[in-house]
Amino acid sequence: MAISFMDLKTQYQRLEPEIRRGIDAVLAHGRYIMGPEVAELERRLAEWVGVKHAVSCASGTDALLMPLMAHGIQPGDAVFTTPFSFIATAEVVALLGATPIFVDIDPETFNMDPAKLTPAVAAVKREGRLRPRAIIPVDLFGLPADDDAIMAVAARDDLLVIEDAAQSIGGVYQGRRCGSLGHVASTSFYPAKPLGAYGDGGMIFTDDDDLNATLTSIREHGQGSDRYDNVRLGLNGRLDSIQAAVLLAKLAVFEQELSERQRVADLYAAALRGVTPQTIPAGYRSGWALYSVLSDQREPVMAKLKQADIPSVIYYRKPLHLQPVFRHMCGKEGDFPVAESVAQRIFSLPMHPFLTETDIQRIAEIIATKASPPS
Ligand SMILES: *Cc1c(COP(=O)(O)O)cnc(C)c1O
């Protein structure tokens, strides 16, 4: 059977009765918006992640935007983040008129390098044009960023830390689950994420009671104590009941799937030759949204895989400071050399719970073979 990059079909085959039952229940009770499934998902995920509050929302992008709105991030504010992420991480900052300030990454974990964060904050303060307000570390490919080091920098300047856990639900940092790091965390239920719905969705996690209340208000057009009382600008930021029902069915097998992903990652680590996998430091666990490796021969290796009908994908080909939308606003070529170098060498191999040892051996063998001469 062909190897797929992320096998959502097999997952559906296994969960079909539960998923259909959940969707049918929503169709029967008719509370399509903010139905009981939404509250149950929030309660269950808050408990699982280990935080007091979970606020579901319409996407992972909204899950990042809403805490920034709640904290009044505005033009003139600087928000520190990584140049090696999905566009949404920096986009939300710019949408509010604030300025993303990129901080280069670690060459082995591909996450924000905390040693470069301190000088970046100092440079913004010295220049005096922008006010440092927040940090958005990303748990790239599922691997948590170095939360203790980032929180220490944040504490010195009273900066808000928003953990972008869009890819990392299921990851663990020093005994704490991703989603519980920083002051507030955001995740995504985009179908391709490890805990994915059948449409868009997201969730925000926090222990802060006041922030929870503000986020709940922002989600409903800034509603006040009653529905027709609007006290701030907000969004239509809700998660659909049907998506919550799908997620509840998937949550029942999520831990099992996580351990299968870990099994696959361990098999890769043992079998792969000639490419360098993302480093998982001691005390960290990845949620394995993606299994990514570095190679100086990326294009030929990917071509060999393609020839063998094995999919591989480049995340991310272009660091954010070189995206046309941010070019010249947030940096230029050469400003973040580690991110630029990683972007030229990285690619991701198939990763999902249903890969077999035979699949992994085959992928490793193809990567290790010499490229066949052009015919
Ligand atoms: C997917 C993703 C997002 C955005 O999530 P959506 O649900 O697609 O809006 C944000 N940050 C990172 C790192 C992501 O991977």
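**Figure 1. Helix 5 supplies the largest share of the lining of the second largest pocket, namely 5 residues.** What you're looking at is a predicted model, in which local features need pLDDT of at least 70 and side-chain atom pairs count only at pLDDT 80 or more, while totals for chains, interfaces and linings use all residues. Residues are numbered from 1 along each chain as its sequence is written, and side-chain values use heavy atoms, with hydrogens and water left out. The volume of this second largest pocket is about 340 Å³. It has 17 lining residues, and I101, F102, A120, V124 and F336 are the closest to its centre. Two elements, strand 3 (99-102) and helix 5 (114-127), each give two or more residues to this lining. Sort the lining by class and you get 11 nonpolar, 2 polar and 4 charged residues. Helices (H or I, at least four residues) and strands (E, at least two) are DSSP runs, numbered from the N terminus. As for the classes, Ala, Val, Leu, Ile, Met, Phe, Trp, Tyr, Cys and Pro count as nonpolar, Asp, Glu, Lys and Arg as charged, and the others, Gly among them, as polar.

**Figure 2. Here is the largest pocket, with a volume of about 480 Å³.** F86, Q167, S188, Y190 and K193 sit closest to its centre, out of 23 residues that line it. Helix 3 and helix 4 each bring at least two residues to the lining, and helix 3 brings the most, with 3. The lining of this largest pocket counts 12 nonpolar, 8 polar and 3 charged residues. Points are joined across faces, edges and corners, and a volume is the space filled by probe spheres set on them.

**Figure 3. Zoom in on the ligand, which takes up the space of the largest pocket.** Helix 3 (60-70) and helix 4 (88-95) are the elements that give two or more residues to the shell around the ligand. (A molecule sits in a pocket or cavity if more than half of its atoms lie within 2 Å of its grid points.) Helix 3 has the largest share of that shell, 3 residues. In total, 16 residues surround the ligand, and G60, T61, Q167, S188 and K193 are the closest; to be near, a residue needs a heavy atom within 4 Å. The shell splits into 6 nonpolar, 8 polar and 2 charged residues.

**Figure 4. Which atoms of G60 come within 2.8 Å of a ligand oxygen?** For G60, it's a backbone N or O atom that lies 2.8 Å from an oxygen atom of the ligand. D164 has a polar side-chain atom 2.8 Å from a ligand nitrogen atom. Q167 also puts a polar side-chain atom 2.8 Å from the ligand, this time from an oxygen atom. On its own, the ligand exposes 380 Å², and the protein buries 93% of that. A polar contact is a pair of N or O atoms within 3.5 Å, and the areas come from the Shrake-Rupley method with a 1.4 Å probe.

Figure 5. The largest cavity has a volume of about 110 Å³. It is lined by 15 residues, and L8, Q11, P194, R261 and P353 are the closest to its centre. Helix 1 (8-29) and helix 9 (254-271) each give two or more residues to this lining. Its residues divide into 7 nonpolar, 3 polar and 5 charged. The second largest cavity holds about 30 Å³ of space, and P137, D139, A145, D147, E163 and L181 line it. That lining has 3 nonpolar, no polar and 3 charged residues.

Figure 6. Most residues other than glycine have a negative phi, and most peptide bonds are trans. Y316 belongs to the loop between helix 10 (298-307) and helix 11 (337-345). You'll find F110 in the loop between strand 3 and helix 5.

Methods:
A polar contact is a pair of N or O atoms within 3.5 Å; within protein, one must be able to donate a hydrogen and the other to accept it, and residues adjacent in sequence count only if both atoms are side-chain atoms. On a 1 Å grid over the protein atoms alone, a cavity is a set of points where a 1.4 Å probe fits but cannot get out, and a pocket is an open set with protein on both sides within 12 Å along at least five of seven lines; lining residues have an atom within 4 Å of a point.
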